[in-house]
Amino acid sequence: MSTPIHDRLLIIDFGSQVTQLIARRLRELNVYCEIHPYQNVTSGFLADFAPKAVILSGGPASVIADDSPRPPMDVFDLGVPVLGICYGQQVMMHMLGGRVESGHGTAEFGRAYVTPSDSSSDLLSGWFEGGREQVWMSHGDHVSAIAPGFEVYGTSPNAPFAITADISRRFFAVQFHPEVHHTPNGGRLYENFVKLAGFTGDWTMGAYREEAIRKIREQVGEEKVICGLSGGVDSSVAAVLIHEAIGDQLTCVFVDHGLLRQGEAEEVVTMFRDHYNMPLIHADERELFLGELDGQSDPETKRKIIGRLFIDVFQKHAAEVGGAKFLAQGTLYPDVIESVSFSGGPSVTIKSHHNVGGLPEKMGMKLVEPLRELFKDEVRALGRELGLPDSFIGRHPFPGPGLAIRCPGEITREKLDILRKADAVYIDQIRKHGLYDEIWQAFVAILPVRTVGVMGDGRTYDFACALRAVTSVDGMTADYYPFSHEFLGETATRIINEVQGINRVTYDITSKPPGTIEWE
């Protein structure tokens, strides 16, 4: 592991569904951090990673169970600040000589209020100014005795040790989740923790750009690279960054798989050929992809077919450019988190991503993924750092599998044509009303059902569609956008009048979780 040019914080993951929110809180403070599953954190790993501080995440397990997840004891011998959150607090107490028990009426789930004890700590600077703090609890087990050296700094009705700390060793532990928005002042607690740890906020896109360019050059050397360019923000930022690092050693391959939005292929090819002066191959593979997807309805099967065909196409064009040894992708950190469970197994994988998981041996290529450590908003910040125009950086995310995952059920050319037209009307409406930049992502999904309708004096039997629009910071969580009824009514009328094949429009008001942003 190479020596970093910025301070690093290690988040040890015990399986909490909100661990990634800890990382978001820290990145917002210009602190670089990485999430690693607990079983990957060995003594050797700790020595190589050299964290300036450690956070122990929450998790669903009971620390009392014999096989419960634990960090290595070395974590507490590093001489750096450690913060335990929920399960992280319990495992810290258990390993350092305290006691954890189950049940007995002390479980807490949901909103709670913490009040301060007589002791004070710099960790709580800016807390309790109103006498108590609202927090979010989610625990069945509870700490019944704190470890030697710890004191109590805050309590709640069902958590007498809601906030504890051993100031001399800089060990801190909270029973609640400061990373979620239900703990309104949680961000201040993280800010205090990183100050205590001595972080200087050196995680900037300028620093990341320099480090990424150095790593790309070290990895690639004099070899050639092809970049899978989708026209989305991620792959485009990756392409511009890699081109800055290695110049004409890079060739971009834009794959038109027949699953793009209206006019997108022409827009992307024109932009990159005219504005960025990069070698670009426009691979028209519509017949290949749509032929293989014909008759397929299972979402995971569709994703895997698309992923396999992307590999085949890239392999073909790698040979054309003189034997490229590397394939570049715009893989992001949320893609990695969603594709791999904290235990490293497949049991809680949310969905597979076509650009995560390595390359088949037959390709004889290695991956270059310079954005793999970044969240979406950080990619946009990097794009600005690289000089990409705001009009492009602000584009809504578009998935690699394209319209395939906005077409639940069987994919047909008829349904794709209808979907493209409906999506174009919807986005046009959003732009006309000045809402595009307020929304993280918006699209239409065509549903695998036909419904009866009336147009004029005639009966119709056409498809229904669902409009989707969400607000988000990084795509890991999302809320539906609260359109007015007037907007929804006007948009539904336009779609039904202008798009032959749709006679019913619905609006999806599901948040993430429990839903995902895309339908498949």
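Buried here means under 20% relative accessible area. The legends below refer to a predicted model.

**View 1. Stacked pair of W127 and F176.** The structure holds 16 aromatic pairs. One of them joins W127 and F176, whose rings are stacked, with 5.7 Å from centre to centre and 20° between the planes. This pair links distant parts of the chain, the two residues being 49 residues apart. W127 belongs to the loop between β6 (108–116) and β7 (133–139), whereas F176 belongs to the loop between β11 (171–174) and α4 (186–196). W127 and F176 are both buried.

**View 2. Edge-to-face pair of Y481 and F483.** The ring centres of Y481 and F483 are 5.0 Å apart and the planes stand at 65°; planes over 60 degrees apart count as edge-to-face, so the pair falls in that class. Y481 has a relative accessible area of 11% and is therefore buried. F483, with a relative accessible area of 10%, is buried because this value is under 20%.

**View 3. Aromatic cluster containing Y481 and F483.** One aromatic cluster is formed by Y426, Y480, Y481, F483, F487 and Y507.

**View 4. Charged end of R8 over the ring of F49.** The charged end of R8 is placed over the F49 ring. Its distance from the ring centre is 4.2 Å.

**View 5. R261 over the face of F398.** R261 lies over the face of the F398 ring. The distance to the ring centre is 3.9 Å.

Technical notes:
Residues are numbered from 1 along each chain as its sequence is written. This is a predicted model: local features need pLDDT of at least 70, side-chain atom pairs count only at pLDDT 80 or more; totals for chains, interfaces and linings use all residues. Side-chain values use heavy atoms; hydrogens and water are left out. Rings of Phe, Tyr and Trp (its six-membered ring) pair if their centres lie within 6.5 Å; planes under 30 degrees apart count as stacked, over 60 as edge-to-face and the rest as tilted. Helices (H or I, at least four residues) and strands (E, at least two) are DSSP runs, numbered from the N terminus. Buried means under 20% relative accessible area, exposed over 50%, partly exposed in between (1.4 Å probe, protein chains only). A charge sits over a ring if NZ of Lys or CZ of Arg is within 6 Å of the ring centre and within 35 degrees of the ring normal.
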